[in-house]
Amino acid sequence: MTRTVYVNGEYLPEDQAKVSVFDRGFLFADGVYEVTSVLGGKLIDFAGHAKRLQRSLDELQMANPVTEDELLEIHRELVRANGIEEGLVYLQITRGAADRDFAYPKDPVPTIVLFTQSKPGPAENPLARTGMKVISIEDQRWGRRDIKTVQLLYPSMGKMMAKAAGADDAWMVEDGHVTEGTSNNAYIVKGNTIVTRHLGTEILHGITRAAVLRFAREAQMVVEERPFTVAEAKAADEAFITSASAFVMPVVEMDGQPIGSGAPGRVTARLREIYLDEMRKAAV
Ligand code: PDD
């Protein structure tokens, strides 16, 4: 079955969906994106993703071609048309097509593309039982990581470095402190305290992060939002990541050294369970 995708107002079979070679997303990575997960055929934290999308667009003075209601409708229609029970919806908006020029074009027509990916069983992902291995690499991305742009080449290189080292992902490090994973936010646990980097321009403001920290505080866990070092991570009791596609996922090894017992930790498992339970209830 060919997928139905959404391009600039039309629902089309994926092999008929086209974007201009002059699109600034293609030429300049002049575009932003969101990934919203789907559980039980429903969208997880759609409002959070819509809000961050608007913020990314505003930071780049880029027009939003759709209202939030229209966006929700498009997401739902694609989930329905493609029969997605578990998976995700990818959304990208670029500044649109224009003759190549570094300056932003005047009154461009934005390009908007959405497609789905079916990922059966994300809640039962085996990595949640075994835990992920990460390596530490230098964070060589640009300085506005809070804007969710499509310039993902360095994270992509980081993922390949991790694979080459026999690991699942890379945690990026700047001035000795962990920023985040290649496509997720990073956390360590020491005793009853969860530590994750504070919000700023150095990391993406994860939608999953916001929900997980809220649930952690509600469960009387202590949360410290501050930078942590690689040495602290290696000496932690537990570590984990969060993202829309992985939810809460344990990290059990860094640079070949076990973290804590070397198995997924109790706090991580509890947060994953609370997150999945609560978000399924609130899904739209
Ligand atoms: N990535 N940090 C980075 C660099 C990310 O790319 C992501 C998400 C996150 C987590 O954000 P959220 O909880 O809102 O998904 C943090 C998505 C899933 C991706 O690129 O596929």
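## Pockets, domains and selected residues

In this predicted model, the second largest pocket holds about 530 Å³ of space. Its lining is made up of 29 residues, and those nearest the centre of the pocket are K159, S183, S243, S245 and A246. At least two lining residues come from each of β3, β5, α5, β13 and β14 (247-254). The largest contribution to this lining is that of β3, which gives four residues. By residue class, the lining of the second largest pocket comprises 15 nonpolar, ten polar and four charged residues. Because domain 1 (4-121) and domain 2 (127-282) both contribute to that lining, the second largest pocket lies between them.

The largest pocket has a volume of about 650 Å³. It is lined by 36 residues, and Y33, K148, T182, S183 and L204 are the ones that lie nearest its centre. The elements that give two or more residues to this lining include β3 (31-39), α2 (46-59), β5 (87-94) and β6 (111-118). Also among them are α5 (153-164), β9 (177-181), α6 (207-218) and β13 (238-243). The lining of the largest pocket consists of 14 nonpolar, 14 polar and eight charged residues. Domain 1 (4-121) and domain 2 (127-282) each give residues to the lining of the largest pocket, so this pocket too lies between them.

| Pocket | Volume | Lining residues | Residue classes in the lining |
|---|---|---|---|
| Largest pocket | about 650 Å³ | 36 residues | 14 nonpolar, 14 polar, eight charged |
| Second largest pocket | about 530 Å³ | 29 residues | 15 nonpolar, ten polar, four charged |

The domain assignment of the protein chain gives domain 1 (4-121) and domain 2 (127-282). The C-alpha centres of domain 1 and domain 2 are 26 Å apart. Where the domains meet, 21 residues of domain 1 and 20 residues of domain 2 take part in the contact.

The protein chain as a whole contains eight helices and 15 strands. Its radius of gyration is 19 Å, close to the 19 Å that the globule rule gives for 284 residues, so the chain is as compact as a globular protein of that length. The C-alpha trace spans about 55 × 40 × 35 Å along its principal axes. Of the 284 residues, 50% count as buried. Among contacts between residues at least 6 apart in sequence, 71% join residues at least 24 apart.

Most residues other than glycine have a negative phi. A29, although not a glycine, has a positive phi of about 55°. This residue, A29, is placed in the loop between α1 (24-28) and β3, and its relative accessibility of 23% makes it partly exposed. Q220 is likewise not a glycine and has a positive phi of about 65°. The loop that holds Q220 runs between α6 and β12 (222-225). With a relative accessibility of 64%, Q220 counts as exposed.

Helix α6 contains F215, which counts as buried at 7% relative accessibility, since buried means under 20%. F215 and L271 are 56 residues apart along the chain, and their C-alpha atoms are separated by 7.5 Å. Leaving aside residues up to four places away in sequence, F215 touches I274, Y275, E278 and M279.

E10 belongs to strand β2 (residues 10-13) and is partly exposed, at 45% relative accessibility. S261 is found in the loop between β15 (257-258) and α8 (266-282). Its relative accessibility is 67%, and S261 therefore counts as exposed. From S261 to A236 the C-alpha distance is 9.8 Å, while the two residues are 25 apart in sequence.

Note on methods
Residues are numbered from 1 along each chain as its sequence is written. This is a predicted model: local features need pLDDT of at least 70, side-chain atom pairs count only at pLDDT 80 or more; totals for chains, interfaces and linings use all residues. Side-chain values use heavy atoms; hydrogens and water are left out. On a 1 Å grid over the protein atoms alone, a cavity is a set of points where a 1.4 Å probe fits but cannot get out, and a pocket is an open set with protein on both sides within 12 Å along at least five of seven lines; lining residues have an atom within 4 Å of a point. Grid points are joined across faces, edges and corners, and a volume is the space filled by probe spheres set on the points. Ala, Val, Leu, Ile, Met, Phe, Trp, Tyr, Cys and Pro count as nonpolar, Asp, Glu, Lys and Arg as charged, and the others, Gly among them, as polar. Domain bounds come from an automatic or database domain assignment. The radius of gyration is taken over C-alpha atoms; the globule rule is 2.2 Å times the number of residues to the power 0.38. Buried means under 20% relative accessible area, exposed over 50%, partly exposed in between (1.4 Å probe, protein chains only). Contact means heavy atoms within 4.5 Å.
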